[in-house]
Amino acid sequence: MTSDRLLLGVGAAQAIALVISVTFLTYVLVIVVPFLRCRRRTPGDSAGYGWHFFVPARDEEKVIGTTIGYLRGSFPTAHVWVIDDASTDTTGQIVADVAACDDHVHVVSRRLPDARTGKGEALNVAYRQLDAWLPADADRDRVIVGVVDADGRPAADCLDVCAADHLFGDPDVSSVQVCVRMVNRDERRPFPHRGRYANAFGRTLVRLQDLEFRAAISAIQMNRRRTRTVGLGGNGQFSRLSALDDVRAAFGRPWHGALLEDYELSLHLLLTGHRNEYTDDTLVDQEGLPDFRRLLTQRTRWGQGTMQCGSYLPKLWSSRHVPTIGALEAAYYLLQPWLQLVGTLVYPVPVGVLIYNFAAYPNIMTGWFAGGGWLLFLVYIVFGLGPFVAWGPIYVRRCEPQLGMVRGLALGFAYAAFMLTFYITSWRAFGRILRRRRDWAKTRRNAEFLPDSAAT
Amino acid sequence: MSARTAGPPGPSSALSSVLPHGSSRLTRGAGTILFLFVLAVLLAYQYQLRHLEAVGAARLFGLGTPTLAASRAPIVYFGLGRPDAFGLTITPECSSTLLIAPVFLIGGAMLLGRRMTPQRVLAAVGAAAFLLIVGNQLRIGLIAYLISELGFHTGYEWGHLVLGTVVSIVFIGASLTLLVAVLSTGRTHRQRAAA
């Protein structure tokens, strides 16, 4: 009986592993086709809108000056609202100096003990300050708030693309998320003072983040355009002020306290009947992280944020604004960290059974393997790694054709290995939830790790 | 699934349909309990269900070739009356029973909210489960066919390890797609109420 139960347990674990894997495989197949078919659309005219960039900045003295300069130079009519979140360096002074001679640059100062309470709260303060600054008769449908990281670089055509007929040109669209690209994806030596292997590893990490955002995430977002569940990111998100007003009216404030406050905003927008859109016709550049430890920290935060946002599932499920296919898509996304926890438990079971059999019956198993058992490994490698490896060639074909297909394939395999980090970060995130830890230190910029002479 | 060579066997050889407003908390609760009950049955009686699968395979493929299911064990024999007759044992890993279980779990979860009627969820889960059963029957038939064509070892390796696995993956994928398609088609009860 005990043996039967053990066999049943092993069978159940293998069945769950198979169903989770095939679900992911099917999902990838569903999102790849429309992604490859998507073509560039005609941009619009940004002149008909008022554009306001919110730039949260906490201890960003290394990058904030150049970011303000870039935004003002690239988008002369746009206003830049820099939120100095009680910086302990010269960030506040740098912004104040620029604002003193440029009426399109605004300082939003936060001071302790009311500061450093999260990015969402910082954005809410900027929202209130913009609200107070705007004339009472402002057309809030045509006032667009963009959120850009302190190292963010929206492409020069970003606002025109966002104003296209199918984006803000469509009155039904409330928010637009722009495709994110890693600005340092071609940097050969992310660690100037370290050795060859450290640099090779670092630049591969950055390249994989670029692949992830411009291929895999972009395809997910394209699919979400159909399911009406486009998610907003922390960099390159644009929203109509009127939509933020609606979220404030319904939920008290536009941004809330989840560690994934940007995705949380998109959920609130969905729940208030708004439509979010996504475009990869333009880009916003941000720094990729070449350091594995910082990457794990960042991904743990994202994992915990996603787990926190899982509390919205009942609301999404009962909302009349969210179509069923959208609720299913959002549920699948929000369950991902939990499925990864389950995966860490069930995926090793078949491997364990195999190892046990090899140890217990070495002659039989060796014969089985040599006599054709290896084919099973081949099948599992193709179907197990395929959904990850495919993104390498897709990325090269769609985003970086100069890399060539051989590198694309190599990147695909590297991406499959890269994805294993999620099994680490999901457990770390789960551990933080169990310990009720919601605090977070921001991800430090690459420039902070360089000597002053090398920083840009 | 495991295969065994055999002579003539002895007797025991081994919708987003719409929920009417406020009418159905009880129905949904009953539906969830039903799904969980089926889930428990799938786990508790998987041996008997595997035997049923063997009987089903024997009936299905018996239309084209002499087959027989073992009287109690989950084994189906092919090529009876020939010297190269063989039997396939349907193990827990190779049965559709455990693959169907997650589908019923999803079905139970779908009924927790008021978005879908039990009828819609039942239709979706039923269609997805049916496709999984059909896929597994085809897989059994494919393995048997390849064994008869390529010989016991080669046919079993290719049928069970390669093509059979591919058939499983394709049918699981198709089943999940069908599940989502049936669940998400149509209007929610709120939309119908608004209309």
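**Sulfur bonds and charged pairs**

Reply: The sulfur of A:C38 has its closest cysteine sulfur in A:C179, but that atom is 11 Å away, which is too far for a bond. Over all chains the count of disulfides (pairs of cysteine sulfur atoms within 2.5 Å) comes to zero. Another cysteine, A:C101, is exposed, with a relative accessible area of 67%; on this scale, buried means under 20%, exposed over 50% and partly exposed in between, computed with a 1.4 Å probe on protein chains only.

The model is predicted, so local features need pLDDT of at least 70 and side-chain atom pairs count only at pLDDT 80 or more, while totals for chains, interfaces and linings use all residues. Residues are numbered from 1 along each chain as its sequence is written, chains are lettered from A and ligands numbered from 1 in the order in which they are written, and side-chain values use heavy atoms, with hydrogens and water left out.

Turning to the charged pairs, the structure holds 24 salt bridges over all chains, each being a side-chain nitrogen of Lys or Arg within 4 Å of a carboxyl oxygen of Asp or Glu. One of them joins A:D59 to A:R116, with 3.1 Å between the closest N and O atoms. This pair links distant parts of the chain, 57 residues apart, since A:D59 sits in the loop between β1 (50-57) and α2 (64-74) of chain A, and A:R116 in the loop between β3 (105-110) and α4 (119-133) of chain A; the helices (H or I, at least four residues) and strands (E, at least two) are DSSP runs numbered from the N terminus. A:D59 is partly exposed, at a relative accessible area of 21%, and A:R116 is partly exposed too, at 29%.

A second salt bridge runs between A:R72 and A:D102, whose closest N and O atoms are 2.6 Å apart. Because A:R72 lies in helix α2 of chain A and A:D102 in the loop between α3 (91-100) and β3 of chain A, the pair ties together parts that are 30 residues apart in sequence. Both A:R72 and A:D102 are buried.

A:D170 and A:R275 are both buried.

Beyond such pairs, A:R185, A:D186, A:R207, A:D210, A:R214 and A:E400 are linked in a network of salt bridges.

Where the two chains meet, the contact (heavy atoms within 4.5 Å) takes 32 residues from chain A and 27 residues from chain B. Across this interface of chain A and chain B, however, the rule finds zero salt bridges. On the side of chain A that touches chain B, the elements giving two or more residues are α1 (2-37), α10 (313-318), α11 (324-346) and α13 (362-389) of chain A. The largest share of that side, twelve residues, comes from α1(A).
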